[in-house]
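The sequence and the structure come next.

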Amino acid sequence: MKRKVFSDDLIIHSQTIKSLVYFDLPEKDFDISQCDLSFNILRHKENERDFKVQLFLQLEMFKIIVEGHYEVSDKIDKDQSNKIIEIAGLTTLIPFLRHSILNVTSGTKEGGIHLPLINLNNLIKNQMEENKSKPKPKKKTDPKTKSSTKSKKPE
């Protein structure tokens with residue numbers, strides 16, 4: 001049986017650094033364990049196979065947002081497509097995040113910040129738990145379409 005080395009199930013359109021802030025804090029030692037890492041998955045309104053993944057990493061001295069734009073092949077059924085969106089987008093974007101941080105910080109006093117390996121299952125689990133614990137935002141009513149329940153008395 002011939003094994004397929006590369007898969008065309010996920011198409012990578014782009015991976016970019018959306019935002020980057022680095023603060024030089026000479027009196028502080030760098031501690032990678034004190035970080036905040038989260039993600040968003042954004043789906044295209046018309047094409048559910050087209051999506052973006054955003055990773056947010058914040059350390060005391062460093063903030064970065066990276067984004068990947070992906071598309072799931074038409075050969076993949078919808079149920080499997082959802083799993084690919086959840087896992088594959090993050091799996092391909094995390095190495096890009098790690099490389100971007102190392103590349104940007106290689107000229108700093110730290111001599112390059114190496115982000116340790118990330119447990120993807122824990123990241124997804126923590127994000128889901130955090131999302132469940134957040135209160136749901138109330139729907140805002142448009143004052144133009146809001147109908148009044150008060151009736152005016154005839155004069």
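## Helices against the sheet

Helix α2, residues 120–133, lies across β2 and β3 and runs at about 80° to β2. Helix α1 lies across β1, β2, β3 and β4, at about 140° to β4. Contact here means heavy atoms within 4.5 Å. Axes are lines fitted to C-alpha atoms, for helices over the stretch in contact, and angles run from 0 to 180 degrees between N-to-C directions. Helices (H or I, at least four residues) and strands (E, at least two) are DSSP runs numbered from the N terminus.

The model is predicted: local features need pLDDT of at least 70, side-chain atom pairs count only at pLDDT 80 or more, and totals for chains, interfaces and linings use all residues. Residues are numbered from 1 along each chain as its sequence is written, and side-chain values use heavy atoms, with hydrogens and water left out.

## Chain overview

The chain has two helices and four strands, and from the N terminus on its elements run β-β-β-β-α-α. Of its 155 residues, 28% count as buried, where buried means under 20% relative accessible area, exposed over 50% and partly exposed in between (1.4 Å probe, protein chains only). Among contacts between residues at least 6 apart in sequence, 65% join residues at least 24 apart.

## The sheet

The four strands form an open sheet in the order β1-β4-β3-β2, with antiparallel pairing. Its edge strands are β1 (10–22) and β2 (36–43), each of which pairs on one side only. From one strand to the next, the twist averages 15°. Two strands pair if DSSP finds at least two bridges between them.

β2 and β3 run antiparallel and are joined by eight bridges; a hairpin connects them through six residues. In this pair, arginine 43 has phenylalanine 51 of β3 as its bridge partner, and aspartate 36 has glutamine 58 of β3. Strands β3 (residues 50–58) and β4 (residues 62–72) pair in the antiparallel sense over nine bridges, and the hairpin that they form has three residues between the strands. Across this pair, lysine 52 stands opposite histidine 69 in β4, and phenylalanine 51 stands opposite tyrosine 70 in β4.

## The largest pocket

The largest pocket has a volume of about 160 Å³. Its lining consists of Asp36, Leu37, Ser38, Asn119, Asn122, Leu123, Asn126, Gln127 and Glu130. The elements that give two or more residues to this lining are β2 and α2, and the largest share, five residues, comes from α2. By class, the lining has two nonpolar, five polar and two charged residues. Ala, Val, Leu, Ile, Met, Phe, Trp, Tyr, Cys and Pro count as nonpolar, Asp, Glu, Lys and Arg as charged, and the others, Gly among them, as polar.

Aspartate 36, one of the lining residues, has its place in strand β2. Aspartate 36 is partly exposed, with a relative accessible area of 45%. Not counting residues up to four places away in sequence, aspartate 36 touches Phe56, Leu57 and Gln58. Aspartate 36 and glutamate 60 are 24 residues apart in sequence and 9.4 Å apart in space, C-alpha to C-alpha.

## The cavity

Rolling a probe the size of a water molecule over the atoms shows where empty space is left. On a 1 Å grid over the protein atoms alone, a cavity is a set of points where a 1.4 Å probe fits but cannot get out, while a pocket is an open set with protein on both sides within 12 Å along at least five of seven lines; lining residues have an atom within 4 Å of a point. Grid points are joined across faces, edges and corners, and a volume is the space filled by probe spheres set on the points.

The structure holds one cavity of 30 Å³ or more, and the largest cavity has a volume of about 30 Å³. Arg43, Glu48, Arg49, Lys78, Ser81 and Asn82 line the largest cavity, a set with no nonpolar, two polar and four charged residues. The largest share of this lining, three residues, comes from helix α1 (residues 78–105). Serine 81 is located in helix α1 and counts as buried because its relative accessibility is 4%. Leaving aside neighbours within four places in sequence, serine 81 is in contact with Arg49, Val72 and Ile76.
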